[in-house]
Amino acid sequence: MIYYLQLINSLQPIDVIVAKKKTGIGRILDHYVVHLGNGVFVGNLKGCVKQISHHELLELLKQYEPTRIRRFKGNQLQIKQAILRAKQKLGHKYSFLGFNCEHFANWVQYGKESSSQVTNGFVMVAGLVTLKLISNNNGEG
């Protein structure tokens, strides 16, 4: 509980908590929750973008370990614009490849829906397919 309070008290509006699952294969992925300010959190979790209560955040932190805080570097006007972007997406459906928690956090902080994890995953798959094709062609000669 002390760690939770330290984490919450260190956050500024539009900061993002980046966390990893504490166990299992989920440790390879980062998970993102946006702090809108005044103790209000929003994330693209459990089916759609929604506000997360303190109780839900506490429950999440039992399964996920914060690895860093991605600070928002905007001014007051940019903070207001980011809060509006977050509210525009409330109820937007979750999609692992098309609109996951990283897409949402990037949309709020930067105004761009992007996910480096999805992009890197595609690059890795393309690289593995290319290596497989090369190795198959070398075996036929």
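Rings of Phe, Tyr and Trp (for Trp, the six-membered ring) count as a pair if their centres lie within 6.5 Å; planes under 30 degrees apart are stacked, over 60 edge-to-face, and the rest tilted. This is a predicted model, where local features need pLDDT of at least 70 and side-chain atom pairs count only at pLDDT 80 or more, while totals for chains, interfaces and linings use all residues. Residues are numbered from 1 along each chain as its sequence is written, and side-chain values use heavy atoms, with hydrogens and water left out.

There is one aromatic pair. Phe99 and Phe104 form it, edge-to-face, at 6.4 Å centre to centre and 80° between the planes. Phe99 and Phe104 are both buried, meaning under 20% relative accessible area; exposed is over 50%, and partly exposed is in between (1.4 Å probe, protein chains only).

Next, Lys89. A charge sits over a ring if NZ of Lys or CZ of Arg is within 6 Å of the ring centre and within 35 degrees of the ring normal. The charged end of Lys89 sits over the ring of Phe99, 5.2 Å from its centre, and also over that of Trp107, at 5.1 Å.
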